[in-house]
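This report looks at the spaces inside a protein model and at what surrounds them. Please keep the structure in view while reading.

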Amino acid sequence: MASSTRPLLVDVHTHIYPPTYMNLLRRREQIPKVVKNNEGNEMVVLLKEEEGKGANSKGRPVGPQYYEREEKIKFMDAHGIDVSVVSLANPWLDFLEPAEAVSAAHELNVDLQSYCSTYSAPSSSPKPFTPKTQKRLFAFGSLPLVPGIKTEEVLEAVRQVKELSHLRGIVMGTKGVGKGLDDPAMEPIYAAIVEAGLVVFVHPHYGIENAFGEQDNGHALALGLGFPFETTIAIARLILSGVLDRHPTLKLLLAHSAGALPALSSRLSSCIIHDPHVKDRLQNDFRYYLGQLWYDAVTYGPEELALVERVVSRANNYEGTDDQLAFVDRVNGRADLLAPEGVFPGVERIMFGTDHPFFPPLEGSSDPSQQRWKSVDENLDAIAGVAGWGEGERRKVMGGNAVELFGLEI
Ligand code: URA
Ligand code: ZN
């Protein structure tokens, strides 16, 4: 149904380094660290690709966009974003010793609550943008997920996050407590997160070892391929280990639309079915589990976003194991996939994101926070350009799904 009101826009993939975290990085000599370059500007050195020589060795500029709330709001206003669900950027607390990670997580969660809850819109005019709500900031909390941590300490942090009113989930890398998201040590943590009703935002940092040769390709391949493949592998492992069978209501939101997982899911399914070692491990075909996940819409292109939606929309066709599946039903086209209200089920699982403050306009643009960012417009254009989507679909992906998933009071 056409409506003249503009859609609510909620950004579920947007990062910060709160001041306490910045100070932690400034004190470090190993990556991750914040250093000053020859011009006296602060640079963040995060990725293993940034350790050596070449273009990456300088790291990336890090400024108030990362730690000042005012800058986040300016960015939101410039792009018409009503609400942001912010998360600590990579590599979170992964590099800390257990005791440090416990206190850093506790302090960060308190900081994040205050970052969100103490914001009130300025009453002075002129207003660059009129948001649809005054409650513009929510957050993912952090857990002390590091090797050697006691499970009870992680569970205590889950309880803390649950108690903080503006924290609606947890941001997590792909290492878990050291051995990945399929590590049995993660089981009680998943159970506690499910019980707390929190959403887990799974985000990459480490990329793929030894994958990019000796040419200096800047950050392009590490971010364009390493990041999404890391997520692809981590989630494939998580599914194969049965986490989603044991915790079917675990809410996982996957960064960068789960990387290559949607495109490779049928191949993975076939490889599983043809391997006697893993064939009977899951209660359903591999593809079924893609319908249990949520995806940001950070694909930068409408065709790629359409692929994610299409793959997720058909997931229910794959309930059961290979022997039980009705093969004919799968190829009947899209009509049989329609949800009662006529929206493809995959649409309900996808949510707008920006990855701010990463991917800013390159130097030379005078005040990046005041202008529109290409990286944001590409993702908005992708949502606008998916063939077959109308206003109803776009409203869900732009904000409606996030309101539901995070229980946002708008
Ligand atoms: N680069 C990063 O290090 N993190 C992001 O989230 C995006 C780009
Ligand atoms: Zn990100």
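## The second largest cavity

In this predicted model, the residues that line the second largest cavity are Leu 47, Lys 48, Glu 49, His 205, Tyr 206, Gly 207, Ala 222 and Phe 227. Sorted by class, this lining is made up of four nonpolar, two polar and two charged residues, and the space in the second largest cavity comes to about 30 Å³.

## The largest cavity

The structure holds two cavities of 30 Å³ or more, and the largest cavity contains about 100 Å³ of space. Its lining includes Trp 92, Leu 93 and Asp 94, together with Ser 142, Leu 143 and Leu 145, and it also includes the residues Val 171, Met 172, Gly 173, Thr 174, Lys 175 and Gly 176. In terms of class, six residues of this lining are nonpolar, four are polar and two are charged.

## The ligand and its surroundings

Ligand 1 takes up the space of the second largest pocket. Around ligand 1 are His 15, Leu 46, Arg 60, Asn 90, His 203, Leu 223, Phe 227, Asp 355, Phe 358 and Phe 359, a shell that divides into five nonpolar, three polar and two charged residues. Phe 227, listed here around ligand 1, is also one of the residues lining the second largest cavity.

A nitrogen atom of ligand 1 lies 2.7 Å from an N or O atom in the side chain of Asn 90. An oxygen atom of ligand 1 is 3.0 Å from an N or O atom in the side chain of His 203, and for the side chain of Asp 355 the distance from an oxygen atom of ligand 1 to an N or O atom is 3.0 Å. Taken alone, ligand 1 exposes 230 Å², of which the protein buries 99%.

Key. Residues are numbered from 1 along each chain as its sequence is written. Chains are lettered from A and ligands numbered from 1 in the order in which they are written. This is a predicted model: local features need pLDDT of at least 70, side-chain atom pairs count only at pLDDT 80 or more; totals for chains, interfaces and linings use all residues. Side-chain values use heavy atoms; hydrogens and water are left out. A residue is near a molecule or strand if one of its heavy atoms lies within 4 Å of it. A polar contact is a pair of N or O atoms within 3.5 Å; within protein, one must be able to donate a hydrogen and the other to accept it, and residues adjacent in sequence count only if both atoms are side-chain atoms. Accessible areas come from the Shrake-Rupley method with a 1.4 Å probe; for residues, only the protein chains shown count as cover. On a 1 Å grid over the protein atoms alone, a cavity is a set of points where a 1.4 Å probe fits but cannot get out, and a pocket is an open set with protein on both sides within 12 Å along at least five of seven lines; lining residues have an atom within 4 Å of a point. A molecule sits in a cavity or pocket if more than half of its atoms lie within 2 Å of its grid points. Ala, Val, Leu, Ile, Met, Phe, Trp, Tyr, Cys and Pro count as nonpolar, Asp, Glu, Lys and Arg as charged, and the others, Gly among them, as polar. Grid points are joined across faces, edges and corners, and a volume is the space filled by probe spheres set on the points.
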